[in-house]
Amino acid sequence: MNVLQPGVGPIDGAAYLPSTPETVAWGLLPNAASRPVLTAASGTAVTFDTVSHEGLLADQGGDPAAFFGAAGIGRDRLLADAVGIAAALRHRPEQAGPHIVTGPVAIPGARPGDVLEVEVLALRRRAPYGVISNRHGRGALAGEYPRAEVSAGGAGGAGSAGSPGGAGSAGGASGAGTASTPVPPVCLVAHADDDGFGRLPLPGGRALRWPLAPFLGILAVASATEAPVHSVPPGAHGGNLDIKLLTEGAKLYLPVQVDNALFAAGDPHFSQGDGEVALTAFEAPLRATVRLTLRTDEPMRRMAKALAAPFAETAADQVVIGLDPDLDEALRRAARAAIAFLGERFGVPSAVALAYLSAACDFHVSQVVDLVKGVHCRIPKADLAGLVAR
């Protein structure tokens with residue numbers, strides 16, 4: 001697979017926004033005081049070159065050439081924008097999240113109460129590698145992992161993770177065997193094969209492989225505050241939702257918080273399992289094209305007011321979202337949102353809606369690692385085909 005350097009290769013949108021030190025924010029999302037780096041009329045397809053933070057962070061050495069070089073990835077396979085951002089910008093983890101966020105894009109005419117429809121048109125992998133991390137004392141098994149395990153060849157750097165047939169971590173540990181001393185966080189270099197599968201090497205020349213399904217973890221509008229907006233917790237502005245359903249063809253609806261919406265994107269993934277239990281999933285750079293459409297029609301405005309949260313749809317499902325630091329409450333919020341959706345869109349009485357959800361709909365844990373946890377409910381469109389939308 002070729003590396004998609006900035007401005008090189010297919011650009012699917014009518015507008016193009018590269019990731020440069022001038023067009024990104026490291027760990028912060030747009031707020032009411034943000035200045036747009038691009039203006040796009042409603043309905044414009046915008047192509048974003050997104051950069052993963054993994055391999056660039058201070059706790060990984062702050063030098064992507066050294067980090068990935070230890071995994072056998074040469075400088076000619078590094079993205080120039082990732083190298084440039086790491087060299088030009090200083091990440092401040094005590095003040096901001098880890099994500100590199102591209103934007104914001106102004107949509108003229110957008111006002112609070114409107115809805116920004118974000119339709120995912122294309123997601124192109126920009127590199128054949130990425131990182132899966134377990135660190136910071138977080139994840140579903142915080143306190144249990146990472147463990148002091150080392151590969152058969154001993155505790156290795158990123159090179160042992162990325163070398164052919166090897167397994168290991170960037171300054172951390174992986175594989176079989178147990179050491180008696182603590183280890184640094186585990187940052188595994190994973191690979192994207194040309195057949196659309198991810199691969200983690202194992203000792204003895206084996207590998208774990210799984211199908212890739214790229215998506216953007218962060219899709220956000222500006223929050224109605226002039227205070228800094230940390231990139232980790234999701235909220236009414238969208239942000240770090242980490243919902244793996246938001247692949248090509250999906251639409252996300254973001255309630256506009258400030259004039260001109262001020263949309264930003266980032267946290268690219270090649271794949272993720274629901275829950276994202278380690279802390280990160282397969283974090284890797286994407287060239288993402290999304291169509292940004294301003295929705296001012298009353299049914300959409302009413303829905304946004306009723307839910308007071310982002311919502312989405314795929315070809316098969318309507319998707320509503322519950323967000324809260326407590327996972328039980330996130331589930332309750334998703335259930336309330338689903339009842340509100342069915343009532344607002346189709347006039348379904350709440351008691352009937354709850355019964356239907358219990359009988360027919362799946363609630364998935366989006367992620368448990370972003371301070372604010374997420375649960376999303378999938379309502380099959382086929383079940384709604386006989387109902388008339390209001």
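Cys187 is buried, its relative accessible area being 3%, where buried stands for under 20% relative accessible area, exposed for over 50% and partly exposed for what lies in between, with a 1.4 Å probe and protein chains only. The structure is a predicted model, in which local features need pLDDT of at least 70 and side-chain atom pairs count only at pLDDT 80 or more, while totals for chains, interfaces and linings use all residues. Residues are numbered from 1 along each chain as its sequence is written, and side-chain values use heavy atoms, with hydrogens and water left out.

Another cysteine, Cys377, also counts as buried, at 0% relative accessibility. A search of the whole structure finds 0 disulfides, a disulfide being a pair of cysteine sulfur atoms within 2.5 Å. Cys377 accordingly is in no disulfide, and the nearest cysteine sulfur, which belongs to Cys361, is 4.8 Å away.

Glu119 is buried, with a relative accessible area of 17%. Leaving aside residues up to four places away in sequence, Glu119 touches Ala250, Lys251, Thr289, Val290 and Arg291, where contact means heavy atoms within 4.5 Å.

The loop between β6 (100-106) and β7 (115-125) holds Pro108, which is partly exposed, with a relative accessible area of 44%. When residues up to four places away in sequence are not counted, Pro108 touches Thr39, Ala40, Ala41, Asn260 and Leu294. Pro108 and Arg390 are 282 residues apart along the chain, and their C-alpha atoms are separated by 28 Å.

Helix α4 (residues 298-307) packs with helix α5 (residues 327-346) at an angle of about 155 degrees, and their axes are 9 Å apart; axes are lines fitted to C-alpha atoms, for helices over the stretch in contact, and angles run from 0 to 180 degrees between N-to-C directions. The two helices are therefore roughly antiparallel to each other, a term for angles over 145 degrees, whereas those under 35 count as roughly parallel, 65 to 115 as roughly perpendicular and the rest as oblique. On the α4 side, Arg302, Met303, Ala306 and Leu307 meet Ala337, Ala340, Phe341, Glu344 and Arg345 of α5. By class, this contact has 6 nonpolar, no polar and 3 charged residues, with Ala, Val, Leu, Ile, Met, Phe, Trp, Tyr, Cys and Pro counted as nonpolar, Asp, Glu, Lys and Arg as charged, and the others, Gly among them, as polar.

Definitions and conventions:
Helices (H or I, at least four residues) and strands (E, at least two) are DSSP runs, numbered from the N terminus.
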